[in-house]
Amino acid sequence: LTVLGVETSCDETAAAVVRLSGDGIVTVLSSVVGLQTERHAPFGGVVPEIAARAHVETIDAVVAEAMDRAGTGWEGLSGVAATAGPGLIGGVMVGLSFGKAVALARGLPLVAVNHLEGHAVSARLAARIEYPFLLLLVSGGHCQLLRVDGIGACTRLGSTIDDAAGEAFDKIAKSMGLPYPGGPALERLAAGGSPEGFDLPRALLGRPGCDFSFSGLKTAAARLAAETPEARRADLAAAVQAAIARQLAERTRRAMLACAADLPPGGRRFVVAGGVAANGAVRRALQDLAAELGWSFDAPPLAYCTDNAAMIALAGAERLALGLTDPLSAEARPRWPLDPAAAAARPTHT
Ligand code: ATP
Ligand code: MG
Ligand code: FE
């Protein structure tokens, strides 16, 4: 199966062509990501209207380049997958409409992909990872631990009760005067610092369950940012990064311990995905934890941590392989939880 994926849920206009063979081998034939960073930077964050307009202006060229590089021709495609949510609704509508137009014009099946399912399968773009696996999804809008039993079969073990991990990185970076996007900027600053000597809160430490909380850390970091001399800013950045990594690992430890009983020793697989998975300190903390508890560890290559269309194409291909397609009337959804139970019980909460 060869699938064109389209992703426009935030501020990346992305298209990719991915092949999924019958024996489960994944090949990324092309992956093009058009960044809008310069358009949003003056505002210190993503402006939805600017994002939607930029998607409209660039999607044609981005898809054309992805098709060009893939070299399959339209006739080589088995389907088209487009992100249908969750995300900024104006942008989602642009990519989904584009996907529908391609499906109609080329007579291809459409797959309306949940962006989070894309993140969930993203590590499978580069490594063979069997289901089930324990997933830590840490992105700009989400921070969740999920047991992933397959496509469309997720159970949520915990999620943030306030900010997402990426959101915490971004907001703290902003309070430290760093440019948007804050996560990567904070990591660069932290590289020259050492994390000792700051008193940062350790939210939910020792509490049962697998939820997360970053609002206390955000408040403390903002206060410290105001009183920390220039010479110690890198140290503060390193301390903040270490605190986020530590909480992610502590809560993941609880999830691993809770899940281990259901899984044979050889079936204890852990995956971290989403933009924050690009962070070196976060990756290391989770890798160490996995090694300590005897779990395998996988994270997507850096290019597939943040938003991209290769992960959408792969989620689409996996759905197509199961015969799961969507009608051209599929709707764009601003909110769309990944786990069906939460979708039914809490329709307004992603
Ligand atoms: P969602 O997937 O929840 O809808 P999103 O698509 O905006 O949100 P992603 O593209 O997966 O999120 O990730 C972007 C987030 O990842 C931003 O918050 C960004 O700051 C963070 N991020 C990216 N790189 C790093 C890094 N190296 N260190 C820390 N955070 C990072
Ligand atoms: Mg983005
Ligand atoms: Fe994302």
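Student: What is the make-up of the chain over residues 27-313, and how far apart are the end C-alpha atoms?

Tutor: Over that stretch the chain is 46% helix and 17% strand, and its end C-alpha atoms lie 11 Å apart. Helices (H or I, at least four residues) and strands (E, at least two) are DSSP runs, numbered from the N terminus. The UniProt annotation "domain: Gcp-like", from an unreviewed entry, covers residues 27-313. UniProt positions follow the numbering used here, feature names are shortened, and annotations may be inferred rather than shown by experiment.

Student: What ground rules apply?

Tutor: This is a predicted model: local features need pLDDT of at least 70, side-chain atom pairs count only at pLDDT 80 or more, and totals for chains, interfaces and linings use all residues. Residues are numbered from 1 along each chain as its sequence is written, while chains are lettered from A and ligands numbered from 1 in the order in which they are written.

Student: Which residues does the UniProt annotation "binding site" cover?

Tutor: His-115, His-119 and Asp-307, again according to an unreviewed entry. They are spread over 193 residues of sequence, yet they cluster in space, with a largest C-alpha distance of 8.9 Å.

Student: Why is His-115 called buried?

Tutor: A residue is buried if 20 or more other C-beta atoms lie within 10 Å of its own, exposed if 12 or fewer, and partly exposed in between; C-beta atoms are placed from the backbone. His-115 has 28 other C-beta atoms within 10 Å, so it is buried. His-115 lies in helix 4. Not counting residues up to four places away in sequence, His-115 touches Ser-9, Thr-83, Gly-85, Pro-86 and Gly-87. Contact means C-beta atoms, placed from the backbone, within 7 Å.

Student: Why does Asp-307 count as buried?

Tutor: Asp-307 has 27 C-beta neighbours inside 10 Å, so it counts as buried. Asp-307 sits in the loop between strand 10 (296-298) and helix 10 (310-321).

Student: And why does Leu-204 count as buried?

Tutor: Its count is 20 C-beta neighbours inside 10 Å, so Leu-204 is buried too. Leu-204 also has a positive phi of about 60° although it is not a glycine. Most residues other than glycine have a negative phi, and most peptide bonds are trans.

Student: Which residues does a cis peptide bond join?

Tutor: One such bond joins Tyr-131 and Pro-132, with omega about -5°. Another joins Tyr-180 and Pro-181, also with omega about -5°. Pro-181 lies in the loop between helix 5 and helix 6.

Student: Which residues come nearest to ligand 1?

Tutor: Of the 23 residues around ligand 1, Gly-140, Gly-141, Gly-166, Gly-183 and Gly-275 come nearest. To be near, a residue needs its C-beta atom, placed from the backbone, within 6 Å of the molecule. Helix 6 gives the most to this shell, with four residues.

Student: What makes a shell residue polar, and how many are there?

Tutor: Ala, Val, Leu, Ile, Met, Phe, Trp, Tyr, Cys and Pro count as nonpolar, Asp, Glu, Lys and Arg as charged, and the others, Gly among them, as polar. The shell divides into six nonpolar, 14 polar and three charged residues.

Student: How do you know that strand 1 and strand 4 pair?

Tutor: Two strands pair if DSSP finds at least two bridges between them. Four bridges join strand 1 (residues 2-7) to strand 4 (residues 79-85), so these parallel strands pair.

Terms used: Contact = placed C-beta atoms within 7 Å.
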